[in-house]
Structure formats: C-alpha cells, structure tokens
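Please look through the sequence and the structure shown below, and keep both at hand while reading this report. The text moves from a pair of helices to some backbone details and then to aromatic rings.

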Amino acid sequence: MGLTAADIVALPILKSAQVKAGGDLLDKKQIEWISVIEMPVENFVRENEFVLTTGLGCHGDPQLLEQFVKDVIQSGASALGFATGRYVFDIPDEILKIAGEHDFIIIDIPWEVRFGDIMQMVLEEINEDKKSERQRTEEIRQELINDVLQNKGLQEIAEALYRHIRIPVVITDYTRLIRASKNVENNTLLKFKNNEKKTAAPAESSNVTYMEHPLYPHIEEYEVGGEKWYQILIATNHRKQGFLWFKLEKEESLTWFVMNVLEHALTACALYFLKENAIEMTEIRLKDNFILQLAKQQHADQQHLNSKAELLGYDLSLTYICIAGEIRLKEETSLVPKLKRDNPPTSSLQSLNYYIQKEITNAGKLIGRKTMATFDEGEVIVYLETDHHLHTETANQFLDTIERRLNELLTEVELTWGIAAHKNANGGFYESYQEAKTALEIGKQQAGIGERTFFKDTRINRMLMAISGEEAIRKIVKDTIQPLIDYDRKRQTDLIHTFMTYNKYKGNVSQTARALNLHRQSLLYRLRNIESLTQLSLVNSDDIFLLELSIRLWTLRKIE
C-alpha cells in the first residue's frame with residue numbers, strides 16, 4: 001500500500017507524540033508528502049499529505065483554528081500534527097470532534113520536537129518507499145514482458161495485473177472482442193460482448209497523485225451495466241490494437257503505483273498484439289503464395305502439394321469450384337478518397353482486401369463450406385468446397401452472401417465474377433482457374449461489370465473463339481465491322497454498342513431508345529449510319545446475323 005500514517009507515527013522522532021483523533025485510521029491513511037503550513041491553507045496542501053503546524057497564524061482565536069483544520073481536511077491531507085506548548089497548549093475538543101466526523105488524524109507533537117528533524121526523517125522514509133515502489137514496478141514490468149516473450153497470452157497478463165494491483169481487468173481487441181478477463185462477473189462480461197456501454201461524465205477530482213501521471217489523459221470513463229469502468233487504448237506504431245479496461249472499488253485506489261503497473265501492462269499487451277500480428281501476417285503471406293501457385297502453376301508432384309497444403313490447414317482432397325473476381329471501384333466521389341488511395345490490392349494485407357477476405361471467410365462458415373482465397377493485381381481468387389452436382393447452387397449461395405454484406409460495407413466497390421467447376425486432373429486447380437478467368441473476361445464483355453458468369457454457360461463464345469483464329473474468318477470480320485470501328489474512334493460514338501442493343505431487343509426501336517437513353521430520331525439516325533457504313537440491311541436476317549457474328553468474333557479476339 002505504500003507509506004502509511006502508522007509508519008510515520010512509529011518513527012523515533014515522534015516517540016513522544018500522541019494521536020488525539022483517528023487512531024483507527026493510521027494503517028489506512030497513506031502519506032506521500034510532508035509540509036509545514038500556517039493560515040491560510042488555500043491550495044498549498046495536496047492530497048495524502050502530512051501537515052505540520054504551530055497554530056501561529058490563528059492568533060489564539062479558536063474559530064480561526066477550527067477553520068484552519070477544516071481547510072486542511074478539505075484539501076485531502078491525511079494527517080495534521082500540532083506543535084503544542086506555545087501557541088496551542090491543548091488541542092480543543094471541538095477540533096477533535098471535527099476530525100472524528102471527517103475520519104481525520106490529529107497528532108499532538110511536543111514543542112521541543114523540531115519540525116526540521118521530523119521532515120528529514122519522514123522524507124527519508126518517503127524516498128525509501130518510492131525507491132522500493134519503483135523497484136517493484138520494474139520487477140512487474142519485467143514479469144509482464146517475459147510472459148509475452150515466453151509465449152504466454154493475454155489471459156496471463158490479466159491475471160498478473162490483478163495479482164499485483166487487485167482490480168478487475170478486461171482486455172479486448174480493437175473490435176471489442178473480449179480476449180482476456182480477471183475477477184469480472186459473467187453478466188458484466190456479457191454486457192461487454194453485447195457492447196452495452198456508454199460514455200460517462202468524468203468525475204471531478206483533485207487527486208493529483210494520479211492526475212499528474214502521463215497515462216492519466218488517455219483514460220476514458222464508461223458506464224457498463226451501471227458500473228463505472230475505465231478504458232485505455234492499446235496502440236503500436238500509431239495502429240490501434242485493442243483496449244485495457246479496469247474497474248476501481250474506490251477512487252483512491254488509483255495511485256501512482258497502480259498507474260505505473262497499468263502503463264507496463266499496456267506495453268506488454270501492445271507487444272503481444274505486435275507478435276500476434278507478425279505471426280498472422282506471415283501465415284497470410286504463406287497462404288497467399290500457396291494459393292497463387294495453386295491457381296497459376298501446374299504441379300506434377302501432387303503428394304508434395306498435399307503435404308504443403310496440410311501444413312497450412314487446407315485439404316486438397318475435397319472438391320472445389322474456382323471463382324475469379326475482379327475488384328473495381330465505381331466513379332470516384334468525395335465520399336471514397338480513402339479507398340481510392342488503398343486501391344492497389346496486391347495481397348490479403350491491403351485494407352480493401354481485408355474486408356473482402358473477411359466476408360469470404362464468413363460466407364464460407366455460414367454455408368458450411370471450406371474456402372481458400374487470395375488476391376493478385378486487383379483480382380480475387382477463391383476455391384470453394386462443393387458437391388459435384390451442386391456447384392452452381394453453392395456458388396450462387398456463396399456469392400449472394402458476400403455481395404449482400406459488401407453492398408452494405410463497401411458501396412464503392414463492384415465485383416465481377418467468373419465461376420468454373422472442379423477438374424480432376426492433378427487436382428484441377430490450375431485448369432479450373434483458367435476456366436474461371438475465361439468466364440470472367442467473357443462475362444465482362446457480354447454482360448458488363450458487376451455480373452457473374454459460369455464457364456459452362458460460355459460454350460457458344462468459346463466455339464466462336466475456336467473459329468476466330470482462321471485467316472479467312474478474320475478477313476470477313478475486319479471487312480464487315482472495320483468501318484464502324486473507324487467511325488466510332490473518329491466521332492467518339494458507339495455504333496457497335498447501339499447495334500448490339502438494337503439486336504438484343506429484336507429490332508424494337510422504342511425499347512432500344514429507352515435502353516440507350518436516346519431520342520427515337522437519334523436512334524434511327526444511328527441505325528441508318530450503320531447500314532450506310534457496313535452496306536448491310538438491318539431488315540435482312542442474313543445481314544443481321546453476319547454483323548452480330550462479326551462483332552462477337554471481334555470482341556472475343558479482344559479478350560484473347
């Protein structure tokens with residue numbers, strides 16, 4: 001507890017002194033400083049101080065003496081020592097009564113005992129006590145740091161903290177998830193989990209014994225289930241990692257020693273989170289690299305691949321579908337500058353990718369399927385566990401879950417998906433990725449951004465790709481649509497898109513105009529331009545088929 005009034009009264013220099021009031025408080029009252037003062041008190045006395053006086057400033061006036069004692073009590077001092085024999089011969093009963101009412105210690109010191117000698121001995125005791133306190137806090141600091149270095153967790157830190165300062169403790173991460181606690185009731189922990197806390201108004205206090213500590217400005221007060229709790233942020237390199245929570249039985253228990261121990265506990269928690277982050281980042285990098293190799297390299301040694309996967313917690317014996325997604329931000333607005341700056345998502349460690357990775361994991365858990373995911377150059381690659389005959393339903397359920405959450409969290413992001421079924425040859429991971437990538441590119445050209453395309457639904461496009469390499473076919477395509485390409489480039493128009501939309505609505509001018517947001521006459525003008533440039537008629541079914549086929553083949557050549 002530190003130096004008490006009982007320790008002071010037991011000093012040889014005060015052997016002849018008598019405790020007149022508060023004798024039962026000697027073991028409870030702390031002494032942190034000593035001073036000599038006469039009237040007026042004002043703000044010259046601080047809390048937990050041992051005050052010496054001769055009563056000279058009261059000029060023998062009992063009322064002034066009473067007021068002087070009341071002022072000392074009000075200041076928060078622990079004890080008042082009267083030098084009796086000259087200005088005060090006997091301490092009045094009224095003053096002893098006041099001391100009794102306020103749980104205050106009054107000591108009668110013979111006039112012959114010099115204040116200088118008292119102060120010297122008390123200061124020596126205070127310094128010795130502070131020295132032992134500093135030594136003890138240093139030992140606690142080393143203990144807490146060693147706990148982290150010896151691979152002990154946050155629970156051990158919480159238990160060590162309670163063992164030394166005897167106050168209830170809760171440690172949470174930055175998402176408010178409870179990671180450790182000690183001497184906290186279950187219903188209180190439940191309120192922490194349910195985030196049932198609100199900011200409390202800071203209490204007025206003159207307790208300079210801890211308000212002057214550098215940690216004090218960082219302490220915030222909260223009300224949790226009707227109880228007052230204090231929160232301190234755990235941070236490393238300007239990154240917020242978590243919070244240390246504690247509750248006080250009484251305000252006086254937050255001493256300088258307790259503040260120092262809390263400060264050392266914060267350091268230990270920060271070191272633990274740094275260590276945890278380093279392990280997590282290493283694991284993420286290993287998993288990222290493994291899945292990228294799985295998707296983009298063909299592997300002959302399947303047994304070696306299975307062993308490596310097992311070390312990372314993956315089971316390659318399961319059936320997986322491959323989902324390739326393209327991450328794209330919508331038009332930049334003033335609301336999304338941060339995400340714009342974070343745009344290059346080259347690994348799972350990027351801030352934007354973090355949310356997507358988290359939702360991939362959550363969606364997999366929700367539908368009871370294992371997932372393997374990584375990121376590469378603005379692309380997300382996911383292997384999703386499935387049954388052989390249910391891969392379409394599984395993929396749609398999985399992507400529906402992800403998109404529902406991401407539309408709430410990241411409204412600025414658009415994701416386009418390509419999905420391919422599992423291939424059996426050598427695990428089939430490389431082949432299924434190639435097919436998912438093909439489906440993604442075809443889907444972007446055919447359906448646009450923000451859609452999902454299954455590889456099995458791209459058969460006609462893949463057939464067109466197969467024939468598009470023929471030289472004769474290339475010449476026909478070029479001769480048919482080159483005038484449209486040149487016109488679009490020169491006039492900054494989009495006649496090709498106009499025709500494909502017109503063909504989609506089976507030649508219905510009104511529907512096409514609405515879809516293109518064009519006036520009917522403007523659309524008719526464009527259609528006449530198309531006929532004039534291509535020398536084809538848009539009422540001739542063979543000409544329409546030739547033009548559509550040429551545009552499709554030209555689009556697929558761009559994909560290749």
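Helices (H or I, at least four residues) and strands (E, at least two) are DSSP runs, numbered from the N terminus.

This is a predicted model, in which local features need pLDDT of at least 70 and side-chain atom pairs count only at pLDDT 80 or more, while totals for chains, interfaces and linings use all residues. Residues are numbered from 1 along each chain as its sequence is written, and side-chain values use heavy atoms, with hydrogens and water left out.

On the side of H16 the contact is made by His-497, Thr-498, Thr-501 and Tyr-502, and on the side of H17 by Val-509, Thr-512, Ala-515 and Leu-516, where contact means heavy atoms within 4.5 Å. The residues of this contact divide into 4 nonpolar, 4 polar and no charged; here Ala, Val, Leu, Ile, Met, Phe, Trp, Tyr, Cys and Pro count as nonpolar, Asp, Glu, Lys and Arg as charged, and the others, Gly among them, as polar.

When residues up to four places away in sequence are not counted, Thr-498 touches Thr-512, Leu-516, Leu-523 and Arg-526.

**Backbone details**

A cis peptide bond, with omega about -5°, joins Met-39 and Pro-40, and Pro-40 is found in the loop between strand E2 (33-36) and strand E3 (49-53). Asp-103, a residue other than glycine, has a positive phi near 50°, and its place is in the loop between helix H3 (93-101) and strand E5 (105-110). Asp-103 counts as partly exposed at 46% relative accessibility. Gln-492 is not a glycine either, although its phi is positive at about 55°; Gln-492 is found in the loop between helix H15 (471-491) and H16, and at 69% relative accessibility it counts as exposed.

**Aromatic rings**

A pair of aromatic rings is described by the distance of the centres and the angle of the planes. Rings of Phe, Tyr and Trp (its six-membered ring) pair if their centres lie within 6.5 Å, and planes under 30 degrees apart count as stacked, over 60 as edge-to-face and the rest as tilted. The count by this rule comes to 10 aromatic pairs, among them the following.

| Pair | Centres | Planes | Class |
|---|---|---|---|
| Phe-192 and Trp-245 | 5.1 Å apart | 75° | edge-to-face |
| Tyr-230 and Phe-246 | 5.3 Å apart | 15° | stacked |

Phe-192 in helix H6 (residues 186-193) and Trp-245 in strand E11 (residues 239-246) are 53 residues apart, and their pair links distant parts of the chain. Both Phe-192 and Trp-245 are buried. Tyr-230 lies in strand E10 (residues 227-236) and Phe-246 in strand E11, so this pair ties together parts 16 residues apart in sequence; Tyr-230 and Phe-246 are both buried. One aromatic cluster is formed by Phe-192, Tyr-222, Trp-229 and Trp-245.

Terms used: Buried means under 20% relative accessible area, exposed over 50%, partly exposed in between (1.4 Å probe, protein chains only).
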